[in-house]
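Hello,

Here is the structure we talked about, for you to look through. My notes on what was found follow below it.

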Amino acid sequence: MQQINNLFSFNGLEGQPTILMSIAAMALAAVLSLIITKVYISTFTGERYSQAFVHTIIMMSVVVSVVMNVVSGNAGVAFGLFAVFSLIRFRSAVTNAKDIAYIFFGLCVGMTAGLFQFELAIVLTVFASLIFYLLFKFDYGKGKDTQILKVTVPENLNHEDLFEDILRELTDFHQLRQVETTNLGTMILYTFAIRSKVNTKDQVLLDAIRERNANLKVSLSYL
């Protein structure tokens, strides 16, 4: 039990934290979480980020800094609060792994500030923000999403491996998903699931396909 109590105690801090110290922890958590959200906005690569999500990171960081003040030195209160928090659910699921990382980032900064480890909170924010920015700047681990390629072919040009060499050259992965007849059976519609190579432009792929299918309709969509 003593070890559990030590987990929620302030190392090197005598007595109970004052209200000024708690305010300083909340203020620092708010400032550092603003830096976190600024990095998040600058490195966001989707269509549109959620303003509510940005606000959530800031509020969670501030609130957690207060929670760490409350649970300090009292394991019973800590487990009680954790039980209450376990009932909280997000109204919308977080599906982006990077968003989950930013939530955890904000929580860690709030916890560190709440334990009055101000220097560590600042170092954590600066170092982790730099890592996030460098990963974005250098586009580390870049890859292409799976795409759906639909190609219409005249019935008289149809044969099984008509596009095999093109797809092998320009994609990292391709798989035939569906074959169907269209236009009263005079046309064949092929549906492929593909993943283009990083240096393959969509227009290059489409032009290569059009040279084989008599310049009929070709569509490329992203999942």
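A helix here is a DSSP run of H or I with at least four residues, and helices are numbered from the N terminus. Please keep in mind that the model is predicted.

Salt bridges

A search of the whole structure turns up 3 salt bridges.

Arg168 is exposed, with a relative accessible area of 51%, while Glu164 is partly exposed at 28%.

The remaining salt bridge joins the side chains of Arg212 and Asp165, at 2.7 Å from N to O. This pair links distant parts of the chain, 47 residues apart: Arg212 is in the loop between helix H8 (202-210) and strand S4 (218-222), and Asp165 is in helix H7. Arg212 is partly exposed at 31%, as is Asp165 at 36%.

A buried residue

Gln147 belongs to strand S1 (residues 147-154). Its relative accessible area is 0%, so Gln147 counts as buried. The Gln147 side chain makes polar contacts with the side chains of Asp202, at 3.5 Å, and Tyr222, at 3.0 Å. Other residues that Gln147 touches include Phe192, Ile194 and Leu220.

Regards

Note on methods
Residues are numbered from 1 along each chain as its sequence is written. This is a predicted model: local features need pLDDT of at least 70, side-chain atom pairs count only at pLDDT 80 or more; totals for chains, interfaces and linings use all residues. Side-chain values use heavy atoms; hydrogens and water are left out. Helices (H or I, at least four residues) and strands (E, at least two) are DSSP runs, numbered from the N terminus. Buried means under 20% relative accessible area, exposed over 50%, partly exposed in between (1.4 Å probe, protein chains only). A polar contact is a pair of N or O atoms within 3.5 Å; within protein, one must be able to donate a hydrogen and the other to accept it, and residues adjacent in sequence count only if both atoms are side-chain atoms. Contact means heavy atoms within 4.5 Å. A salt bridge is a side-chain nitrogen of Lys or Arg within 4 Å of a carboxyl oxygen of Asp or Glu. Lists of a residue's contacts leave out its neighbours within four places in sequence.
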